[in-house]
Amino acid sequence: MRILVVEDDKDLNGQLAAALKEAGYAVDCAFDGEEGHFLGDTEPYDAIILDIGLPQMDGLSVLEQWRRDGRAVPVLLLTARDRWSDKVQGIDAGADDYVAKPFHVEEVLARIRALVRRAAGHASNELVCGPVRLDLRASRVTVDGNPVKLTSHEYKVLEYLMHHVDKVVSRTELTEHLYDQDFDRDSNTIEVFVGRLRKKIGIDFIETIRGLGYRIDSASHAA
Ligand code: CA
């Protein structure tokens, strides 16, 4: 999952980015409204953290423009605590949630987790398909109740595919959602991770759809 952080306070931006990376997200950072708007317009993020008070272009204008252009990406606004009108305007402008400053990073992480899973149509923090259970909060995976140890890359691939069960996900899509802008992207590495995942969670769990990508088919894993 890939997140964009738009916040002009360098310390706060860095703090959020570090916590998100620690939690396993790929993260891009923007420090003003124009840069943030451009990235959100051109890159496929799974969620965006957007400050309201930004240089060049304020957060509400950025958000309004994305929504006008049909960008449905979940957006978490950062607002000032005492400005209730910001929250109302923000939600009216198309924000999905907000956190008032100062905040605990843990709260931001929990809200981002919820936004990402809700956007994919999941109500719970545990994604289940056949024998495989993935706990988003603890980043843990079990197969038939037995814990499976995955590397962070293997986990990220499985998490993305489990979020999008029954959908064919191309290698390009996986690459775009699992790595940040600066990462040296090579879609062959995805194949390697999928190969290792299959050895750990069951050879048939992830299908290869020739020429198109990968799919976890819920019907073929139904109990
Ligand atoms: Ca600011």
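This is a predicted model: local features need pLDDT of at least 70, side-chain atom pairs count only at pLDDT 80 or more; totals for chains, interfaces and linings use all residues.
Conventions. I number residues from 1 along each chain as its sequence is written. Local features need pLDDT of at least 70 and side-chain atom pairs count only at pLDDT 80 or more, while totals for chains, interfaces and linings use all residues; side-chain values use heavy atoms, without hydrogens and water.

Cysteines. I searched the whole structure for disulfides (cysteine sulfur pairs within 2.5 Å) and found zero. Cysteine 129 is buried at 4% relative accessibility, and cysteine 29 is partly exposed at 26%. Here buried means under 20% relative accessible area, exposed over 50%, and partly exposed in between (1.4 Å probe, protein chains only).

Helix H4. I take helices (H or I, at least four residues) and strands (E, at least two) as DSSP runs, numbered from the N terminus. In H4, residues 84–92, I find Asp86, Lys87 and Gly90 buried. Down the axis these fall within an arc of 100° and so line one face of the helix; the arc is that of the directions from the helix axis to the C-beta atoms. Trp84 and Asp92, on the other side, are exposed. Just after H4, glycine 94 has a positive phi of about 115°.

I count strands as paired if DSSP finds at least two bridges between them. E6 (126–129) and E7 run antiparallel, joined by four bridges, with cysteine 129 opposite valine 132.
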